[in-house]
Amino acid sequence: MELQFDKSEIPELAAEYDKITEKERRLTDKIEKSVFRDYKSKGFLTKEQFLTVCAWKTPRTKKHCRSNDAALIRQVSAIAKKTRSEQLRIQIWTLLAGVSWPTASVFLHFAFPEKYPILDFRALWSLNIDPPPDQYTFPFWKEYADFCRNLSGEAGVSLRTLDKALWMYSKRYQGK
């Protein structure tokens, strides 16, 4: 794992990311200022909140995400919030239809912003990491999360700022 650009560029790239569309900004604000504040105080997510987060990360799986039972969403989100096990915290989300490792990482990223990066093909590309050929594993996730935590500390930025910069660098140079 290695950052494909100089750490000093992180704030500039993150600022460029912040020039998103008004619709995306409203959805991001809702997630940060409403959904996860509520999650922090109540300890679980409602189905509507769950679907809001899924729409932000993976709108293509909307049908699958909608198929989840509200009680199961509540239980999964409560367990993810309470457990101290990082493996359980990430993997339990994948029990829900439409939730893969990248989407699960979004729930952790916003619920625990100081601890978890978002797992995304753009971020991986910006760190010169090939995604696993078959599927993600906990050891892969743990190494990635630890690397990002260390990098954000070295750069003196939050994981959210780092995430935005990694995404924007890929968007700018990978072009997909």
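Q: Which side chain makes a polar contact with the side chain of W56, and at what distance?
A: The side chain of T28 does, at 2.9 Å. A polar contact is a pair of N or O atoms within 3.5 Å, one able to donate a hydrogen and the other to accept it, so the 2.9 Å between T28 and W56 meets the distance limit. The model is predicted: local features need pLDDT of at least 70, side-chain atom pairs count only at pLDDT 80 or more, and totals for chains, interfaces and linings use all residues. Residues are numbered from 1 along each chain as its sequence is written, and side-chain values use heavy atoms, without hydrogens and water.

Q: Why is T28 called buried?
A: T28 has a relative accessible area of 10%. Buried means under 20%, exposed over 50%, and partly exposed in between (1.4 Å probe, protein chains only). T28 therefore falls in the buried class. T28 belongs to helix α2, residues 22-42, where a helix is a DSSP run of H or I with at least four residues.

Q: Which residues is T28 in contact with, leaving aside neighbours within four places in sequence?
A: They are I20, W56 and R160. Contact requires heavy atoms within 4.5 Å.

Q: Why does R160 count as buried?
A: The relative accessibility of R160 is 10%, so R160 is under the 20% cut-off. R160 is part of helix α10, which spans 159-173.

Q: What polar contact joins the side chains of R160 and D163?
A: It has a length of 2.8 Å, which is within the limit for a polar contact. Apart from its neighbours within four places in sequence, R160 also has contacts with Y17, T28, E32, W56, H109, F110 and I118.

Q: What puts the buried residues of α1 on the same side of the helix?
A: The buried residues of α1 (residues 10-17) are I10, L13, A14 and Y17. They cover an arc of only 100° around the axis, so they lie on the same side of α1; the arc is that of the directions from the axis to the C-beta atoms. An α-helix has 3.6 residues a turn, so residues three or four places apart point the same way.

Q: What covers the buried residues of α1?
A: The cover includes α3, α9 and α10.

Q: Which residues of α3 meet which residues of α7?
A: F50, V53, C54, W56 and K57 from α3 meet P102, T103, V106, F107 and F110 from α7.

Q: Why is K63 called exposed?
A: K63 has 72% relative accessibility, so K63 is over the 50% limit for exposed. K63 is in helix α4, residues 62-66. K63 and A97 lie 34 residues apart in sequence, and their C-alpha atoms are 9.1 Å apart in space.

Q: What makes F140 buried?
A: The relative accessible area of F140 is 14%, and the value is therefore under 20%. F140 sits in helix α9. Not counting residues up to four places away in sequence, F140 touches L119, L124, I129, D130 and P132.

Q: What is the phi of N128?
A: Phi of N128 is near 60°, a positive value in a residue other than glycine.

Methods: Helix = DSSP H or I, 4+ residues; strand = E, 2+ residues; numbered from the N terminus.
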